[in-house]
Amino acid sequence: ALHQLVKLCSASPWIANQISHHPALLDELLTPESLYAPPDKNALRDDLRRETLRLSWDDLEGHMETLRYFRSAHALRVAATEVTGALPLMKVSDYLTYIAEVILEHVLQLSWQQMVLRHGSPGQVGGGAETSPNLVIIGYGKLGGIELGHGSDLDLVFLHNASPTLSTDGEKPVDNLTFYTRLGQRIIHVLNTSTVSGKLYEVDMRLRPSGNSGMLVASLVGFEKYQLTEAWTWEHQALVRARVVAGDEKLAGAFEQV
């Protein structure tokens, strides 16, 4: 571990800074075979699943700390392969993007479970309740273009496809629109809040319809109408790199159609 520490800190001030801020990362130096071989996206998912298995969905603080360590540990692996030349620059941005996507998938599920525990599940047309989030997270900018760097923030837009006339089925029911707005707020809270381990990611929501004055979570119908009637040219240009990075597959397909 000492050999790896000297090697990496002499090659990169960024790595030295990360390890000094998060000494727990020294554990990663004990297994050079995994340190210099970042896992693919499916392996990242499995790793995060294992790390969070012991946590209940209502343990928000536990999930937030686990997610922050997960991101730091895998970012260190990517940096280690970068400075030793084991991974070309194009692949570095791929892996940093995969890490963000896997984290966003988990944060969406965590936020959904917490909201359902509090308010019940949103109602759906035709009766019954939704069993999974009827929401997608759209990545714009560097996240959308699979070009994340180590310090990149996340340009996000949230879209839902829930019925605005229905409500949740819990003991403290709220209408579907309120539910999805609060779900979006919860996602940002998990990503953006400073804990002992720092922030997970800086989040920028300014690319949503109508910018900072717009709804935090827009409907797909509202998004389409905005793009066709009100959006500026640069907003259409931003769509070139926009893609779904987490959420409902059916809604993702509908977004692609728009």
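What you're looking at is a predicted model, where local features need pLDDT of at least 70 and side-chain atom pairs count only at pLDDT 80 or more, while totals for chains, interfaces and linings use all residues. Residues are numbered from 1 along each chain as its sequence is written, and side-chain values use heavy atoms, with hydrogens and water left out.

**Two helices side by side**

- Helices (H or I, at least four residues) and strands (E, at least two) are DSSP runs, numbered from the N terminus.
- Helix α4 covers residues 41–52 and helix α5 covers residues 60–83; they pack at an angle of about 145°, with their axes 10 Å apart.
- Those axes are lines fitted to C-alpha atoms, for helices over the stretch in contact, and angles run from 0 to 180 degrees between N-to-C directions.
- On the α4 side, the contact (heavy atoms within 4.5 Å) uses Leu44, Asp47, Leu48, Glu51 and Thr52; on the α5 side, look for His63, Thr66, Leu67, Phe70 and His74.
- By class, the residues of this contact come out as four nonpolar, four polar and two charged.
- For these classes, Ala, Val, Leu, Ile, Met, Phe, Trp, Tyr, Cys and Pro count as nonpolar, Asp, Glu, Lys and Arg as charged, and the others, Gly among them, as polar.

**Pockets**

- On a 1 Å grid over the protein atoms alone, a pocket is an open set of points with protein on both sides within 12 Å along at least five of seven lines, whereas a cavity is a set where a 1.4 Å probe fits but cannot get out; lining residues have an atom within 4 Å of a point.
- Grid points are joined across faces, edges and corners, and a volume is the space filled by probe spheres set on the points.
- The largest pocket has a volume of about 390 Å³, and 19 residues line it, with Gln18, Arg71, His150, Lys199 and Leu200 closest to its centre.
- Helix α5 turns up again here, giving the most to this lining with four residues.
- The lining of the largest pocket splits into five nonpolar, nine polar and five charged residues.
- The second largest pocket holds about 250 Å³ of space, and of its 17 lining residues, Met215, Ala218, Ser219, Gly222 and Phe223 sit nearest the centre.
- α9 (220–229) and β4 (217–219) each supply at least two residues of that lining, and α9 gives the most, with five.

**Cavities**

- There are two cavities of 30 Å³ or more in the structure.
- About 60 Å³ of space lies in the largest cavity, and its lining includes Arg71, Leu96, His150 and Tyr201.
- Both α5 and α6 give two or more residues to the lining of the largest cavity.
- The second largest cavity, about 30 Å³ in volume, is lined by Tyr140, Leu207, Tyr226, Gln227, Glu235 and Ala238.

**Aromatic pairs**

- Rings of Phe, Tyr and Trp (its six-membered ring) pair if their centres lie within 6.5 Å; planes under 30 degrees apart count as stacked, over 60 as edge-to-face and the rest as tilted.
- By this rule, you get four aromatic pairs.
- Tyr95 and Tyr98 have ring centres 5.8 Å apart and planes at 80°, so this pair is edge-to-face.
- Both tyrosines, Tyr95 and Tyr98, belong to helix α6 (residues 89–119) and lie three residues apart, about one turn of the helix.
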